[in-house]
Structures are given as structure tokens and as C-alpha cells.
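The stops below are in the order in which to select them.

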Amino acid sequence: MIGGLFIYNHKGEVLTSRVYRDDIGRNAVDAFRVNVIHARQQVRSPVTNIARTSFFHVKRSNIWLAVVTKQNVNAAMVFEFLYKMCDVMASYFGKISEENIKNNFVLIYELLDEILDFGYPQNSETGSLKTFITQQGIKGQHQTKEEQSQITSQVTGQIGWRREGIKYRRNELFLDVLESVNLLMSPQGQVLSAHVSGRVVMKSYLSGMPECKFGMNDKIIIDKAGKGGVTNEAGKSTSGKQSIAIDDCTFNQCVRLSKFDSERSISFIPPDGEYELMRYRTTKDIILPFRVIPLVREVGRTKLEVKVVIKSNFKPSLLAQKIEVRIPTPLNTSGVQVICMKGKAKYKASENAIVWKIKRMAGMKESQISAEIELLPTNDKKKWARPPISMNFEVPFAPSGLKVRYLKVFESKLNYSDHDVIKWVRYIGRSGIYETRC
Amino acid sequence: MTDSKYFTTNKKGEIFELKAELNNEKKEKRKEAVKKVIAAMTVGKDVSSLFPDVVNCMQTDNLELKKLVYLYLMNYAKSQPDMAIMAVNSFVKDCEDPNPLIRALAVRTMGCIRVDKITEYLCEPLRKCLKDEDPYVRKTAAVCVAKLHDINAQMVEDQGFLDSLRDLIADSNPMVVANAVAALSEISESHPNSNLLDLNPQNINKLLTALNECTEWGQIFILDCLSNYNPKDEREAQSICERVTPRLSHANSAVVLSAVKVLMKFLELLPKESDYYNTLLKKLSPPLVTLLSGEPEVQYVALRNINLIVQKRPEILKQEIKVFFVKYNDPIYVKLEKLDIMIRLASQANIAQVLAELKEYATEVDVDFVRKAVRAIGRCAIKVEQSAERCVSTLLDLIQTKVNYVVQEAIVVIRDIFRKYPNKYESIIATLCENLDSLDEPDARAAMIWIVGEYAERIDNADELLESFLEGFHDESTQVQLTLLTAIVKLFLKKPSETQEETHTYTHTNISPSFDSDNPDLRDRGYIYWRLLSTDPVTAKEVVLSEKPLISEETDLIEPTLLDELICHIGSLASVYHKPPNAFVEGSHGIHRKHLPIQHGSIDTGESPVSAGPAAPIEQAQSVIPSQGDLLGDLLNLDLGPPVNVPQQSSMQMGAVDLLGGGLDSLVTVCMFIFLYLLSLFPQIWLPAVKAKGLEISGTFSRRQGQMYMDMTFTNKALQHMTDFAIQFNKNSFGVIPTTPLPIHTPLMPSQSIEVSLPLNTIGPVMKMDPLNNLQVAVKNNIDVFYFSGLIPLNIFFVEDGKMERQVFLATWKDIPNENELQYQIKECHLNADTVSGKLQNDNIYTIAKRNVEGQDMLYQSLKLTNGIWILAELRIQPGNPNYTVKHPPNLNSPNSELRSHLLFLSEV
């Protein structure tokens with residue numbers, strides 16, 4: 001299991017550490033600093049083995065978090081723990097920075113004592129941690145005996161993520177379908193790979209212990225329902241367009257996985273406040289909101305001509321925002337002249353790229369930029385690697401085609417029904433890694 | 001208010017001040033003071049002298065203050081054991097506190113204090129806490145048992161805590177169950193033989209129920225524990241799998257990987273034709289792909305595991321190659337791993353896409369990555385024949401870029417392509433030769449030299465090229481030197497010079513640099529070639545220019561038993577390092593090596609599911625040598641050319657079979673036999689455990705009291721016992737067969753070994769083997785049938801009645817025409833005639849006569865083989881001169897060379 005956790009600043013000084021196992025000596029701290037933080041080379045692996053001691057690290061801004069162990073631990077678990085630790089710290093004091101860590105070292109000590117016991121991760125849900133972590137005085141000192149046992153049963157219980165007795169005057173929930181669409185396209189316009197990774201983020205302000213059921217246009221469900229309908233064909237024709245094939249999805253721990261496995265229904269008791277309900281991935285029938293058509297021509301050894309056309313590919317009534325096209329330029333660029341029809345374009349020498357920004361663009365439109373790049377003559381034999389042209393944007397629909405069909409809320413003990421809950425649904429599609437090779 | 005202020009007090013008398021504050025009336029002041037103490041502790045100041053004062057603050061009902069004091073105690077108790085005792089009472093009292101959080105805190109902290117005196121006091125409170133009404137206390141107590149076990153294992157056993165832990169598996173609270181499982185799993189690792197966890201169907205059911213309800217971490221502990229269970233039949237395996245599959249949709253990647261581990265293990269038990277088996281395989285692929293959309297570190301762990309899964313069950317991800325395409329922003333460690341998997345998944349169906357990708361990668365910046373990409377293109381060419389042509393042209397394009405490391409890497413892979421597809425792409429040699437000067441890495445230089453040597457006849461200036469390498473011969477690495485040596489010999493054989501004289505000088509000047517090398521391999525190879533060439537160039541040609549075995553399509557495959565073991569460690573560090581845990585965990589040598597479950601009922605069929613993966617059948621695997629053969633493999637794998645028929649002298653031919661028909665030529669055999677002879681004297685591992693599912697066989701051949709024996713040691717390195725041994729020989733040159741069945745009657749238990757002596761005779765069927773003394777053996781046990789081959793040292797065939805009558809000897813010797821005699825010198829042999837004769841007699845080589853001519857001892861030797869063939873030799877020994885001269889009839893050269901090698905060996909002694 002985890003032998004210890006060290007938190008370093010960028011210089012390799014230890015800000016906080018906690019050792020859980022006797023086999024981890026003080027020299028482990030130095031070993032990691034010398035071999036990883038101060039290493040001249042770029043980090044070649046997030047797992048390092050130094051003298052039979054293994055180090056796992058993640059970096060957040062310029063802070064290094066390193067887990068050290070001498071055993072054959074579950075490596076995936078260690079990284080998941082480190083991410084969780086970062087989340088917990090962030091929810092307590094915001095950004096993980098040297099200053100914040102120094103300001104909260106007692107809290108971190110207490111958290112580390114509670115989250116890990118003898119190197120075994122225990123409870124890492126911020127919601128329930130806040131009920132009994134004493135630092136930052138979230139809860140006062142005057143808990144009744146009842147409250148105390150409530151805390152412990154919640155921490156260890158089946159619904160560790162939600163406490164009893166939550167009350168709201170207005171029962172409200174917000175659903176955000178956030179998708180990032182990823183594309184890798186060849187210069188000839190062939191899709192090399194494309195996928196959408198989506199998240200359903202929910203903010204719930206609901207009283208009591210509500211039971212929720214979430215439904216979307218999942219192909220498997222719709223087909224199942226369609227088969228029960230009048231005719232098979234009719235079912236297909238209606239569902240064919242509207243349903244989507246989900247490759248895979250993962251759920252927040254509140255979702256009953258066995259129920260999803262057997263009935264493919266998503267039912268759960270939600271945590272209070274904001275959380276991520278599910279993640280999913282689709283690869284079929286993705287609406288690619290933009291198409292990039294590059295044209296790069298080398299004119300002699302000292303000049304490049306670049307022409308890039310972007311085409312928007314969605315309903316004309318919708319507007320895409322925050323569009324940014326990044327056209328890489330060679331390292332030996334001496335000067336750039338740009339002409340664009342729409343938006344603003346600038347050559348940024350420090351980033352070795354032409355950045356073209358367009359505030360808004362409607363669907364089914366086209367825009368173009370052309371640039372002349374002057375190059376310094378070099379005797380460098382190595383060819384320019386030609387990084388791909390990348391794009392950023394935001395569109396008000398889900399590129400996967402996912403639609404929320406319903407979110408039902410049941411709370412039998414309190415007197416509010418599904419109709420009384422105010423529900424908001426929003427779709428945002430963003431570019432993930434959206435690249436076209438040139 | 002921030003904590004950083006605690007760090008700033010840095011005045012003199014700080015400790016004194018803190019002391020005063022710790023004893024302050026007000027709780028708030030005391031709390032502040034303890035925080036300051038802890039701050040000082042963090043930055044490495046010694047605040048141990050405040051121990052009594054801090055302990056005083058322990059007596060409080062304030063949870064925050066208590067936690068702070070406990071933190072301090074944990075840190076200093078070890079260095080202040082006597083004072084730590086002062087705290088014991090408070091601990092014991094806190095374990096009775098009405099607040100469950102405090103009870104748990106006390107028992108948790110006490111377990112962290114590794115002081116013997118304290119552990120004594122821990123037992124009673126721990127016992128109570130294990131039965132506490134509050135689940136939070138119980139789950140903390142469960143972990144505490146593991147802590148105590150780490151400090152004092154005996155005490156844990158004596159106090160019966162292990163039983164209490166086992167009871168907790170049935171606890172109503174899922175988190176208590178999970179922690180109990182974690183603690184038991186850890187403890188049982190140090191007791192490999194005890195059945196601590198006692199996994200039976202009832203317990204498994206409890207675990208599966210808890211699995212649905214506990215925290216993500218608890219799910220990991222339970223899944224990891226489940227993976228150690230061996231279901232009794234496929235029904236049970238299937239029902240567990242059904243309850244584990246929902247975990248594949250968990251957001252926590254560790255839960256997913258641990259579930260994959262359980263499923264991969266239990267898949268072994270499911271019948272392959274069943275629907276469920278195939279459904280399960282299909283279900284495994286999406287979650288694995290999803291892992292790749294996580295954070296880079298988790299992606300890395302996932303990719304290392306996918307690498308294993310792809311080797312074990314390629315069908316799972318064969319459709320998904322696109323997700324392994326490298327993204328521009330991936331960290332380098334993710335890129336390299338993805339590339340590895342891409343090569344493994346490359347097939348005819350997707351090769352076009354893969355090649356296009358690889359070509360992109362080859363223009364990237366990171367040197368390691370680019371090299372790997374270039375290498376990958378080469379692997380594709382070898383793996384998918386249809387793509388070879390495109391791969392080669394891609395590689396040529398890359399060579400044109402003149403980027404140094406790209407060119408070098410490309411040349412290395414082109415060599416392998418040449419080997420795979422001989423006589424197909426030689427037209428590109430000219431292009432390769434243009435880049436000769438830029439090669440500065442040993443691998444690339446060796447590859448280029450190999451190509452020049454191999455195709456010397458097509459390269460006009462091959463001799464000049466090689467000479468340019470020769471100039472700096474002594475500065476080259478051994479690898480390059482060896483290749484260069486071989487290339488020169490090839491060149492000479494392919495383009496012999498006009499006159500004998502010239503040839504002689506040419507080779508000598510070129511080979512001789514190796515003679516004074518410090519490296520014995522290099523020197524020996526130099527001598528071997530030299531003698532070969534100077535004696536019999538025709539044979540040399542047959543040997544050196546023989547056909548080479550094919551190179552394998554897959555590279556870097558993990559050896560199957562290790563792969564199976566690593567599959568049992570999916571998700572863990574072992575799977576990231578691709579090494580078994582005992583390779584990197586200290587003091588783990590006694591730990592059980594994990595192995596995949598074996599399908600029941602499959603034993604009789606002789607096919608175990610362990611080998612059911614992509615692993616090739618053993619025989620096939622042996623016929624393919626890895627692309628980087630070592631020197632030994634190199635020498636022994638030399639294919640001998642077709643037999644050259646030399647007229648036989650029938651008078652000498654008493655045996656029925658023409659075994660010694662000159663198929664082997666003298667010098668080759670000398671070299672080889674020296675080798676083999678040396679090898680035969682020491683027990684050799686004939687069948688390594690990794691090739692035979694844990695069965696290792698080593699041994700030697702010997703001749704005792706006129707009887708031949710095969711002395712073998714059978715070792716069971718597997719985890720199951722072995723029974724039903726049997727042995728069989730393939731037909732061989734001398735008709736060797738065992739006279740009795742294999743005398744192993746008792747089962748061979750794990751890590752046990754048994755020595756057997758198998759008497760042999762030579763009345764079996766005869767078939768000429770290559771080399772002559774090769775013996776192919778099949779050994780069967782309850783697991784499988786294994787094949788190996790060993791070389792029988794010739795001297796065991798020398799029979800006791802090999803002493804020829806003097807008259808007969810004389811007559812026969814005279815019958816041999818003079819021009820048929822072969823002479824050979826044995827150098828550096830410091831023995832006198834009597835000793836030699838004695839030593840030879842031990843091996844049934846008899847001295848018929850001895851005479852002294854002009855101060856030289858002449859020994860006349862005879863020996864007889866089991867098949868009745870006689871061998872005669874004359875040995876001339878000059879006292880004071882360490883060189884022996886052997887003269888013998890050439891048609892009997894083969895065994896005679898053995899004789900000489902025997903003498904050679906004596907000289908070594």
C-alpha cells in the first residue's frame with residue numbers, strides 16, 4: 001500500500017509530508033528530488049523506481065505530489081487517489097499553490113490522516129469530509145451524540161455522499177451536457193479519428209433523500225422500447241435519427257451500476273450541490289461543427305504560403321462562439337503577413353503560430369485566411385515537423401447528438417413531486433483536441 | 001487567518017516560549033501553541049523536548065486539539081519511547097470515549113506508534129474496538145490489526161485478532177468489510193501457506209454484496225481480493241463475472257482495471273465456445289478504451305496494462321487501433337506506449353492507416369519517439385507481408401531526410417527486412433551505402449556491415465567499404481567487431497581472389513586483428529574462421545553462407561509464463577513495470593507467484609488454457625530465432641550444408657548404416673565439438689521451466705561400467721504437483737533408446753526436484769540427425785507433453801572392447817592410402833605420452849602401440865563405436881614441444897575430430 005505522500009514545491013523543497021509505513025525512510029524524500037524534480041531530462045514516466053522504491057507523481061501548476069511505496073501497490077488506485085487528493089484540497093482552499101499549502105498545512109495533515117489509513121484510501125468525498133474535519137471550523141464543536149453517530153454512519157454507510165435532513169424552499173436542478181469533440185483529420189479531409197467525450201454535470205438543490213431517474217436518447221433503450229411498439233420498422237424510423245450509440249459510459253458512485261447493467265436505467269440518489277453524474281464516449285455519427293481545409297505551399301527555401309478555409313457545419317440558426325484557429329509556423333519564421341475575411345489574426349512569435357480569432361459564426365458559413373510566411377535561411381538539416389492546425393470553439397448543441405429525455409425526481413417522504421421541481425437543461429459542445437494535419 | 005504565521009516565529013528561546021504557551025490556561029492558546037509546535041516539526045526543527053507538555057494537552061474533549069496532539073505523538077513517540085508511555089493512559093481512556101470519532105482516532109493513532117511498550121497496551125482497546133457498535137470505529141480497528149501485524153505478527157496471532165478480522169467479513173457495514181478484506185489480504189501475503197482469507201463461496205457472496213455498496217476504494221480492495229479466488233467450476237466463475245461486470249462502468253479507473261483483472265483471470269475458466277465467453281470479451285473493450293480519455297498518468301497505467309492484455313487476448317482490442325493513434329499533446333510516456341500497442345495491433349486490415357500514422361510520427365521532435373516510430377515501420381513490414389513494399393519505400397523516404405538518428409534506425413530495421421524477404425529489396429542497397437559515413441551508433445554500423453557482407457557480390461566496392469570499417473577495428477564495440485569479422489569472411493568467400501597466395505594474405509591481414517583482442521568471443525571466432533578458411537574453403541562456404549533461419553514476426557513479446565503472472569497483477573505496479581513483484585519488492589522471495597486458474601477437465605486433453613493465448617507451440621517457437629542472436633546461438637545454429645559424398649572404404653564399414661559418410665566436415669566439427677564437448681561435461685538445462693509450464697529438466701550423458709546413462713534432474717517449478725511422467729526418444733543417429741521407463745513413481749511436489757538415471761542402449765531405430773549426435777526427447781506429465789533436444793557427447797558411444805588387435809591395426813592402417821591421411825596439430829598440450837594414453841583410456845580410446853622415433857613418441861590409437869565402426873589414429877608427441885600431431889584416415893574424420901577435440905580439451909585441462 002501507499003507508504004507515504006510528499007508534497008514538493010518547484011525547487012524540490014518538501015512542503016508537507018506524511019509517512020504511513022515504516023519501510024519509507026527520510027532519504028526517500030531526497031531520492032525523488034534528486035532523480036525526478038532536479039533531473040535534467042524531461043519526465044519520461046509518471047512512475048519512477050529508485051533503489052527498489054517506487055514513486056508516483058502528478059504535477060499541479062508547479063507543485064509536485066508524490067506517493068512513495070516499496071510494495072506492489074495498485075498503481076491505478078494511487079493515481080486516482082492523487083487526483084482525489086487534489087480535488088479535496090482544491091475544494092477546501094482553491095488553487096493548489098505553494099502559498100495555499102503553507103497556509104493550510106494543519107488542515108492537510110488532518111485530511112491525510114483521515115483520507116488514508118496505513119496507506120489505504122478511506123473516505124475522500126469532500127461532502128462528508130467537511131462534516132468531521134475540524135480545521136477551518138466547518139462544523140462547530142458542539143455536536144450532539146446523535147449528530148456524531150450520524151456522521152460516522154454517513155461516512156461509512158451506503159450513501160456516503162449525501163447527508164440526511166437537507167431542506168430547500170425551492171427544489172431545483174440544473175443539468176449541463178458538456179461535450180468535447182475531438183478530431184484528427186488528414187490534409188485531404190479524411191477523418192483519421194473522431195470521438196466525443198461527454199459529461200453530464202448536475203447541480204441539484206433538492207430536499208430530503210430524493211430518488212432520481214435519468215433518461216437520454218440511448219440507442220439501446222430506444223430500440224428496446226421501439227420493439228415493444230406497433231411495428232419494428234416504424235420504431236426504427238423514429239428512433240434511427242434521434243438515438244445515439246454510446247460506446248461506453250462511466251458513472252458517479254451514486255448511480256446503481258448493477259441496475260444499469262441489467263436494465264440500462266440510470267437511477268441514483270444525488271449528492272447535494274454540483275457533481276458529475278456520468279461520462280460517456282461516442283464515436284459514431286458525430287456532428288463535426290467545423291471543417292478545416294489547409295493549403296500549405298513552400299515557395300523556395302525562404303517562403304511559405306498558407307491558406308486555410310473553415311466551414312461551419314450546423315443549423316444556420318445556431319451560433320458558434322470563441323472560435324480560434326491556430327496555424328503553426330516554423331521556428332525560423334522571420335515575418336508573417338496575414339489577410340483574413342472575418343475576425344482578427346495575429347502572428348505570435350512566442351507561440352510559433354498564427355492565431356486567428358472569430359467571436360461568433362453562424363452555421364453553414366465559410367471563412368478564409370491566407371498568410372505569407374517569410375523564413376530565415378537555416379542550415380538545419382532537420383525538416384520542420386509541421387504540427388497540425390488546431391481549433392477551439394464552443395457550440396450550443398451536443399455534437400454527439402445526445403438529448404436528455406427526462407430526469408424524474410421521487411421523494412416519497414416529503415411533500416413535493418416531480419412536477420414541483422424546476423429543471424434546467426443546457427447543452428454545450430466544445431472543441432477537445434480538434435486538429436487537422438497540413 | 002492562515003497557518004503560515006506559525007512558521008514565522010524564529011526567535012531565540014522559542015522552545016521556552018512554546019512551553020509556556022502549551023501550559024496556558026486557555027484552550028485556544030494551547031491549540032495555537034500545538035499548531036506552532038507542529039509547524040516547527042514540519043520544517044524539521046527538533047521539538048521533541050516539548051513532549052511532556054504536549055501530552056498534557058491531550059486531556060481535552062476538544063476534537064481539534066486532540067487531533068493535533070495525536071499528530072505530534074505519532075511523530076515523536078518512536079524517538080521518545082519512555083515518554084510515550086505517559087500517553088498510554090490517555091489513549092486507553094480515549095478508546096472508551098462516547099464520541100465514536102475520538103474512539104476511532106485513538107485506536108488509529110495508537111496503531112501508528114511503533115513502540116513495543118505501547119503495542120502491549122493496544123491489545124485490549126483494539127479488541128473492544130473490533131466489536132464496537134459504531135461502524136466507523138470497526139473499520140478503523142480492522143486496519144489497525146494490519147498495523148499491529150506489521151509491528152508484531154506473533155502478537156496478532158496469539159491474541160486471536162485474525163479470527164476477529166475474519167468475522168468482520170460478514171459485517172453489515174460495507175466499508176468495514178472492505179477494510180477487513182484489505183487487512184487480511186495484506187497479512188496473508190506474509191503467510192503464503194496459510195489460508196487466512198478462507199475464500200469459500202459463502203464469503204465470496206458476502207464480498208460481492210459489499211462490492212455494490214462500498215466506497216470506490218473499498219471496491220478496489222474487494223476486487224483485488226476476488227482476483228485471488230479460484231472458482232471451483234465454470235458456473236461459479238460465470239456467476240462471479242456477471243456480478244463484477246457492472247464495475248466496468250465505474251468512474252474510478254482503478255475499479256475498472258481491478259474488475260478487468262478479475263474478468264481476465266476467470267475468462268480462463270469459461271468454455272471458449274460459450275456465448276457468455278464471447279459476450280464478456282466484447283464487454284471488455286469499451287471500458288479499456290474509455291481509460292484512455294482519463295488523465296495522462298492513468299492513461300499510462302492503462303496503456304501498460306493494455307499492452308499485456310493485447311498480448312494475452314488480441315481479439316479484445318483488434319478493432320480499436322484508432323484510439324491508440326498518438327495525439328500531438330500526449331506526454332511522451334503516453335506516446336511511446338501507444339506506439340507499442342499500435343505495432344501489436346497492426347494487421348493487414350489496418351496497415352494503410354497505421355503506416356500513414358507512423359510516417360507522421362517519424363517527423364516529430366522527440367528522438368526516442370521518432371526512433372521507435374521508424375522501428376515500428378520496419379516491424380510492420382515484417383509482420384504484414386503485403387505492406388512490406390510500402391514500408392520499404394517509406395523508410396527510403398526517411399533516409400533521404402538525412403536526419404542522423406532516423407537514418408541509423410532505418411538501416412537497422414532494413415537489415416531485418418532483408419532477412420525476412422531475401423532477394424527482394426536489394427536494389428536499395430546503393431542508397432544505404434551513401435549514408436555509410438553518418439553512422440556512428442554500434443547498432444547501425446553493425447547492421448550496415450551485415451548488409452555489405454551479406455550482399456558482397458552485388459556491391460562493387462564491398463571490399464573498400466569493409467576496409468574503411470577495419471581501420472578503426474579496435475575502437476569498435478564488440479557487436480560491430482563480430483559482425484565485421486563475419487562480413488569479411490563472407491566477402492572473401494563470395495569474391496575469392498585469384499591466387500592462393502593472395503587469398504591467404506588477404507584473409508590473414510583482415511582476420512588477424514581479432515586474434516589479439518581481449519574479448520575471448522571475438523578471438524575465438526577469429527580463430528575458428530581462420531582455421532576454417534585455411535583448411536577447407538569449400539566447407540567454410542557451406543557453413544558461413546548457409547541459409548539463415550527466419551526471424552520472428554513479433555518482437556518484445558513477454559514470455560508466456562511471465563505474461564500470465566502479470567495478467568494476475570493487472571492494475572498494480574508489477575503490470576506497469578512488466579516485472580513480477582519479487583523483482584522490485586524487497587523481501588518478497590517467499591511470496592507465492594500468482595498464476596492463472598486452470599480450467600478443470602482440460603488436463604486430460606493435454607492442452608492447458610495457459611498456453612491458449614497467442615503463444616506459438618513450443619516446437620515452432622524454437623525454430624525461429626530472435627532477430628538478435630547471441631554468439632552461442634550464432635555458432636550452433638549454423639546450418640550444415642548437404643552431405644558431400646566421399647567414397648567409403650568398405651573394409652572399415654562394419655556398421656550397417658552409413659552414418660559417417662562425410663556429411664560433416666572435419667574442421668567445422670572440430671570447432672563445434674570443442675564447444676559441445678565442453679558443454680556435455682556440465683549438467684545442462686535441457687528444458688527450461690518457462691517452456692514447460694514449470695517443469696525443468698537438466699542433465700548429462702555418461703558411460704559407467706559399459707552402460708550408457710542419461711542422468712537427469714527433474715525440478716517442479718510450478719505451483720501444482722506433477723505426476724504420470726513418461727519419456728520417449730525420437731529416432732536418432734545411433735539408435736539410442738531408453739531401456740527402462742522413466743523411474744519416477746511418486747508425484748513431484750512444487751519446488752521439489754528428483755534425480756533419475758535412465759539406462760540407455762542402442763538397439764532403437766536409426767535416422768541420421770543433424771548434428772550427428774543430436775537427440776530429440778519428448779517428456780510427458782499430467783500437464784502437457786514437452787519437447788527438447790540435447791547433444792550426446794560422442795565419447796559415451798566408445799565401447800569397452802575398442803582395443804584392436806595389433807596385427808589387424810597394422811594391416812588396416814597400411815591399407816589406408818597415404819594421400820587419404822589427414823594431419824592435424826594440437827597446440828599447447830603439456831602432457832606426456834603416458835598421461836595422454838591413460839586419459840584417453842578412461843574414455844575407451846585405447847593405445848595399441850607406442851614407439852619412439854627420433855625422440856618423438858608415436859601413439860597408435862583405436863576406438864570402436866556402439867554401431868561397430870572402428871576409428872584409428874596416430875598421435876605424435878614431441879617431448880618439450882607442446883604441439884601434438886594427429887594423423888588419421890580422412891574418411892573417418894568425423895569421430896576422429898571428436899578424438900582431437902578430446903585431446904584439445906585435455907590441453908585445456
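Start on chain B with Asp463(B), which is partly exposed because its relative accessible area is 34%, between the limits of 20% for buried and 50% for exposed. This is a predicted model. Asp463(B) is part of helix H26, residues 462–470 of chain B.

**A positive patch on chain A**

Next select Lys344(A), Lys346(A), Lys357(A), Lys359(A) and Arg360(A), which make up a positive surface patch. Show the strands as well: E18 (344–348) and E19 (353–362) of chain A each supply at least two residues of the patch. Which strand gives the largest share of the positive patch? That is E19(A), with 3 residues. Lys359(A) sits in strand E19 and is exposed, at a relative accessible area of 70%.

**Salt bridges between the chains**

Over all chains, the structure holds 66 salt bridges. Side chains of opposite charge can pair when their charged atoms come close. Select Lys84(A) and Glu216(B), whose side chains meet in a salt bridge of 2.8 Å, N to O. Lys84(A) belongs to helix H2 (residues 75–93) of chain A and Glu216(B) to helix H14 of chain B, so this pair joins two chains. Glu216(B) counts as buried, with 6% relative accessibility.

Move to Arg437(A) and Glu357(B), another salt bridge, in which the closest N and O atoms are 2.9 Å apart. Arg437(A) lies in the segment after strand E23 (422–436) of chain A, while Glu357(B) lies in helix H20 (residues 351–361) of chain B, so two chains are joined here too. Is Arg437(A) buried or exposed? Arg437(A) is buried, with a relative accessible area of 9%. Glu357(B) is buried as well, at 1%.

**Salt bridges in chain B**

Now select Asp330(B) and Lys338(B), whose side chains form a salt bridge (2.8 Å, N to O). Both of these residues are buried. Then select Glu268(B), Lys312(B), Arg313(B), Glu315(B) and Asp564(B) together to see a network of salt bridges that links them.

**Aromatic rings**

Tyr120(A) is in strand E7 (residues 120–121) of chain A and Phe221(B) in helix H14 (residues 216–226) of chain B, so the pair joins two chains. Tyr120(A) is buried at 4% relative accessibility, and Phe221(B) is buried with a relative accessible area of 6%. For an aromatic cluster, select Phe6(A), Tyr8(A), Phe32(A), Phe55(A) and Trp64(A).

**Two backbone angles**

Most residues other than glycine have a negative phi. Select Phe118(A), a residue other than glycine with a positive phi near 55°. Phe118(A) is in the loop between strands E6 (116–117) and E7 of chain A, and is buried at 3% relative accessibility.

Finish at Asp285(A), which has a positive phi of about 50° although it is not a glycine. Its loop runs between strand E13 (273–282) and strand E14 (290–299) of chain A. Asp285(A) is exposed, with a relative accessible area of 70%.

Conventions
Residues numbered from 1 in each chain as written. Chains lettered and ligands numbered in written order. Predicted model: local features only at pLDDT ≥ 70, side-chain atom pairs only at ≥ 80, totals over all residues. Heavy atoms only, no water. Patch = residues over 30% accessible without salt bridge, like charges linked within 9 Å, V, L, I, M, F, W, Y side chains within 5 Å. Areas by Shrake-Rupley, 256 points an atom, 1.4 Å probe, with all protein chains shown as cover. Salt bridge = Lys/Arg side-chain N within 4 Å of Asp/Glu carboxyl O. Lys, Arg positive; Asp, Glu negative; His and termini not counted. Charge placed at Lys NZ, Arg CZ, Asp CG, Glu CD. Helix = DSSP H or I, 4+ residues; strand = E, 2+ residues; numbered from the N terminus. Buried < 20%, exposed > 50% of the residue type's maximum accessible area, 1.4 Å probe, protein only. Phe/Tyr/Trp six-rings, centres within 6.5 Å; stacked < 30°, edge-to-face > 60°.
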